[in-house]
Structures are given as structure tokens and as C-alpha cells.
Amino acid sequence: MNMSSYAPAPISARGPSELVGRTPVLWIGEPFADAGRGFWAKLEGANPGGIKDRPGLHMVARARERGELAPGAPVVESSSGTLGLGLALAGIVLGHPVTVVTDPGLEPGIRRALTAHGARIETVDTPHPSGGWQQARRERVAELLAAMPGAWCPDQYNNPDNVAAYAPLAAELVAQLGRIDVLVASVGTGGHSAGISAALRCTFPGLELIGVDSVRSTIFGQPAGPRLMRGLGSSIHPGNVAHSAFSEVHWVAPAEAVRSCRSLARHHYASGGWSVGAVALVAGWAARTRPAGTRIAAVFPDGPHRYLDTVYNDAWCQGQGLAHLSAPPPEEPDEITDPGERTVTSWTRCRTVTGPAAGTADAGAVLATPVVAAGAR
């Protein structure tokens, strides 16, 4: 038998952490871009729990190396779900009990998955008046840290190890694509947009970074408000967002992201949740409007399974007031010249990228020394 006729064997892993990384890229063309054009999607849903397996493992490992997290000590963090899965993985691999502080928006499937992986779940029941669910969760984290001697919080919003965790992803993109001209990434904590772009610019200093945010998010100077989409956007000001790294920012609304998700699923089989839909919408636009030959990479943080009861559920979407879901995604964004020009409610582009206004209080200041454990050292 000629063994050379067989395809290469998949990865053989001695432990679950070895399954993280080395994710594939997939060409996304029509209908997101014209014939012959498109972008490369980095399918981070191929990780066991999604893109945040990378920082979950990295932040915990680095804290242990520095002596901030003692062997067997508790890990406590705020999460809307994906980082919670990454920390649960780190807890299994490195031997730490994990508590995830979340809110009522956490999908039942993710709640059950976290519990199955050994994580303890704390749910806040009232949003903070100005910082929303994120700030309410962070305040509960602070209370738990004070009550649990030796416990440690990664503080994904401000921890530089969150950013550093994505250097391997950038190296994978270089190996897979050879050249990258434009990177399109969603922005929540700011970790993967900052980490991937910084590492890529060591090789491609002219890299263009396009940020994708949610309407009603305060990250890029819009007023905060209740947000239906999870995984991107913020009601606080994460310190890891590298505002100066972005060439432009796009805000996307929920119905637009849902239509984009469903179009991906129907035409390319690979899809995901809110961030994936929003990123694909913007990356397709970039592929249509940039010069021919421009090589565009887009980061898809997760897959579709978490969202089967929401994004892909007609009844749920109708109950949320998301209309015209069978219509194709919009072709072009609206545009404003400054984030303070007006409050946007649909896909909108801005080439003036600003951070929090000078003097604006950071709602995240409740954890002013984010990576120092309560009672550790």
C-alpha cells in the first residue's frame, strides 16, 4: 500500500491545551464581495472553546510564572461567555478552580458548558447605572476577590498578557497568507485587535487595521446603551484597546450582523455569532472597495453553535424586533466624520478614531490594580 497517498494526519494531543491554535483560514468571496474578490477568515471557532482559549491559557500561565497566582488558587473573572470557556480550560490544565461572573444574557448552552467544565457561575441581577452589565460584573468580581484570600483576577480588559496572547495567531496568519495588507477585527476588551495588529506590523508596517464595534458601545466615543450583541462592544473603557492602531472604525447593528451570519452559513458553511457577522460584513465591504489584489484577513472569534437559539432562531430574532432578516446585508455603511457627530443606530463608518474623552471617568476603575491577586504573593 502506498502510504504517500494518505492525507497528513491531524494533530495528536497529549492534553487539551495542545488543541489551541493552528486554526485554519477560509476564503470568503461572493456574495460578500464581487467575483474574484474576497477576504481570508481566520476561523478561531476551531479552538476547543473559541478565540479566548488563547488568552485564557496565557494569562493564567504568566500569572503563575510571576508568582501572582499560587498553585491551586482560585481564578475569578467577569465574562459574557467565551473567556469563561478559556479560563475553564486553563483551570483544567493548570489546576485552578474557576469562578465566572456573568449576567442574565449568558446563553443557557454556554452556562451548561461552563458548569460541565467545572467552572462555578455567579450571575449579577442588576446592571450598573452607567457601566451596564460589565461594570456590575466587575464590582461583583471585586467583592469575591475580597472574600477569597489568594484569589486572582485576570482582568481581561486591562491585562497586557491578554494582548500578548495573540502573537502566535499573527504568526499563523503570516505563515498561512504570506502577506497581509488589511486586518479586520472586532473590538471588545481590545485584546485580539491590539495583539494581532502589533505583531503583524513587525512584518508589515503599513498594515491597515479596521475595527468593528457594536452600536451603543462607548469604546470609540459613542454613548453607551443597552446592547443585544455579546462579544464585541463595551459599556466601559478597556485599557487594552489600542485606539491609535486603527485606521477606521465601523459600528454594526444587530439585524445587520444576523443577516451577515446567515449569509455566511448559507454560502460558505462557516459562520459564527455576533462578532463574526459584523466582521464579515465589514471585511466584505473592504474587499469590494480596496484595490484589486489587496490581501485582507478577518478574525472570526467563534463558531455558530453558541447562537443556534438566538442569531439563527427566527422566533427569537422576531421577539427582539430584528426585522427583514431574509433581506441581503446592506452594501455600504453610512459615514460620519467624528464619533461625536451623532449617535449611530446602523452600520456606520468613521475614519476619525478617538478614545474616551479627556477627563471621562473609567467605569472599570473598580479593579485599579487588575493583575494583582487579593491576598497573593
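Student: Which residues have the most contacts inside the largest nonpolar core?

Tutor: The model is predicted: local features need pLDDT of at least 70 and side-chain atom pairs 80 or more, while totals for chains, interfaces and linings use all residues. Residues are numbered from 1 along each chain as its sequence is written, and side-chain values use heavy atoms, without hydrogens or water. A nonpolar core is a set of buried (under 20% relative accessible area, 1.4 Å probe, protein chains only) Ala, Val, Leu, Ile, Met, Phe, Trp, Tyr and Cys residues joined through side-chain atoms within 4.5 Å. The largest one has 39 residues, and those with the most contacts inside it are F39, V184, V212, V252, W274 and F300.

Student: Which element gives the most to this core?

Tutor: Helices (H or I, at least four residues) and strands (E, at least two) are DSSP runs, numbered from the N terminus. Among the elements that each supply at least two residues of the core are β2, β6 (182-186) and α9 (274-289). With 11 residues, the one that gives the most is α9.

Student: How are the rings of W27 and W40 arranged?

Tutor: Rings of Phe, Tyr and Trp (its six-membered ring) pair if their centres lie within 6.5 Å; planes under 30 degrees apart are stacked, over 60 edge-to-face, and the rest tilted. The structure holds 4 aromatic pairs. In the pair of W27 and W40, the centres are 5.3 Å apart and the planes are at 65°, so the arrangement is edge-to-face.

Student: Is H324 buried or exposed?

Tutor: H324 is found in the loop between α10 (314-319) and β10 (334-336). Exposed means over 50% relative accessible area, with partly exposed lying between that and buried. At 64% relative accessibility, H324 counts as exposed.
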